[in-house]
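This briefing is meant for a reader who is meeting the structure for the first time.

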Amino acid sequence: MSRKGRSLEVFGALVLSGLLALLMAGRTAEPPWRILLGGMGLLDAILAATWILGLPVIPTLVLVRAALGFVLGLGLMFALGLAPGLGLCLTAMALGIAAIPRARLPMLLILPGAFYLLTFFAFAVGIIAVISFLKRGPYGGIRWVFVLENYQRALDPLYMQIILISLWIALVTTVLCLLIGYPVAYAMARAPARWRNALLILTMIPFWTNFLVRTLALMFVLRSDGPINGLLMALGLVQEPLSLLFTQNAVILGLVYGELPFMILPLYATLERFDFSLVEAAHDLGANEWHAFRRVIWPLTLPGVLAGSTLVFIPSVGAFITPDLLGGAKTIMIGNVIQYQFLTVRHWPFGSALSLILMAMVLAATMIYLRVGGGERAL
């Protein structure tokens, strides 16, 4: 794009953002926001008028204006509603994209996502980290007294056992999802092209239903008078209903049932791009089916295995709905304990300490898994 065309883009974005800011200022009843929006509209008018002069400092001021507009738009989302805040954010992004040099445009495109993650993830985790070192108030909440007793209590053998059980259940869930999902993804990738989209839609159908509704439906299937026990008793295989519900196996079954699509989709994306002529070449060199899978297919599809395993393991280890409904009081995972501490006992510092310990353990396990997987892929 020519320099003249880029100048017209920036000028048009400044005019548009200025008009929007002034219009919102006229419709805002709160004086602080009216002053901010009116000042931003006037700033846009000044920048638009001086942009055509080509002063060297103006492009930097335009980028600063775009960043301020994006931050102000996020504030408006919470103060005045989603529509005005989103409109201001979008005009600020358009202004920044128009003003930044094309060589640096990719860096700008990652800024909204990076800002969102830093604000609503890193900042939130930082708040939890601070709360974990504070003392519980007499009626819940927090007291600004620095203590270490929350972590000392979290390292109690009782809670460490619950964490280890949660890690074990998540690991078993991941392995079962891999054993079930890999053949399914392989069959989908090898199916005729006209059937692949239909099979992909069938895989994604569970996402169209609320997870809680699916879990309640599984409870109906597993209960004593459910269809499984009814069929077994009708066939004469059992004399009395089996205790399928409120067990650890029921929790694992529910997690596999809920997380299986997260394993299939990354595996399918990897296997669909796999060059199966490499398998034919391996057969020509004397490899049987097992050796072709072990030496060719598995190493080249390991990125999909790692992605799917990560997507299954992390939500499984912190699950609380599935163990609460399918496990009852017999199977308690660390997610249930954290939920209980925050919502029932209102011991936020102790719940925060448990959350950070669980996060650290999951991060360490994931890093070790990725490091081992990376080593295998290099071989």
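Does Phe 207 count as buried, partly exposed or exposed, and what is its relative accessibility? In this predicted model, Phe 207 has a relative accessibility of 34%, and therefore it counts as partly exposed. The residue returns below, where its ring is paired with that of Phe 262.

**Overall form**

- The secondary structure of the protein consists of 18 helices and two strands, and 37% of its 379 residues count as buried.
- The radius of gyration is 28 Å, whereas a compact globule of 379 residues would have one near 21 Å.
- Taken along the principal axes, the box filled by the C-alpha atoms is roughly 85 × 70 × 40 Å.
- Among the contacts in the protein with a separation of 6 or more, 66% are between residues 24 or more positions apart.

**Nonpolar cores**

- The largest nonpolar core has 38 residues, and the members that touch the most others within it are Tyr 182, Leu 267 and Leu 326.
- Several helices give two or more residues to this core, including H8 (157-190), H10 (211-222), H12 (248-272) and H15 (302-317), and the greatest contribution, eleven residues, is that of H12.
- Leaving out residues up to four places away in sequence, Leu 267 touches Leu 178, Gly 181, Tyr 182, Ala 185, Gly 304 and Val 305.
- There is also a second, separate core of 19 residues, which includes Tyr 151, Ala 154, Ile 163 and Ala 353.

**Aromatic pairs and charges over rings**

- Tyr 182, Trp 290, Phe 293 and Trp 298 are linked into a cluster by ring pairs.
- Arg 153 lies over the face of Phe 350, at 4.0 Å from the ring centre, while Arg 190 lies over the face of Phe 276, at 4.1 Å from the ring centre.

- Helix H15 has 16 residues and reaches 22 Å from its first C-alpha to its last, which is close to the 22 Å expected at 1.5 Å a residue.
- The buried residues of H15 include Gly 304, Val 305, Gly 308, Val 312 and Phe 313, and two of these, Gly 304 and Val 305, are touched by Leu 267.
- Thr 91 is found in helix H4 (residues 82-99), and its relative accessibility is 11%, so it counts as buried.
- Apart from its neighbours within four places in sequence, Thr 91 is in contact with Ser 17 and Leu 20.

How values were computed. Residues are numbered from 1 along each chain as its sequence is written. This is a predicted model: local features need pLDDT of at least 70, side-chain atom pairs count only at pLDDT 80 or more; totals for chains, interfaces and linings use all residues. Side-chain values use heavy atoms; hydrogens and water are left out. A nonpolar core is a set of buried Ala, Val, Leu, Ile, Met, Phe, Trp, Tyr and Cys residues joined through side-chain atoms within 4.5 Å. Buried means under 20% relative accessible area, exposed over 50%, partly exposed in between (1.4 Å probe, protein chains only). Helices (H or I, at least four residues) and strands (E, at least two) are DSSP runs, numbered from the N terminus. Contact means heavy atoms within 4.5 Å. Rings of Phe, Tyr and Trp (its six-membered ring) pair if their centres lie within 6.5 Å; planes under 30 degrees apart count as stacked, over 60 as edge-to-face and the rest as tilted. A charge sits over a ring if NZ of Lys or CZ of Arg is within 6 Å of the ring centre and within 35 degrees of the ring normal. The expected span of a helix is 1.5 Å times one less than its number of residues. The radius of gyration is taken over C-alpha atoms; the globule rule is 2.2 Å times the number of residues to the power 0.38.
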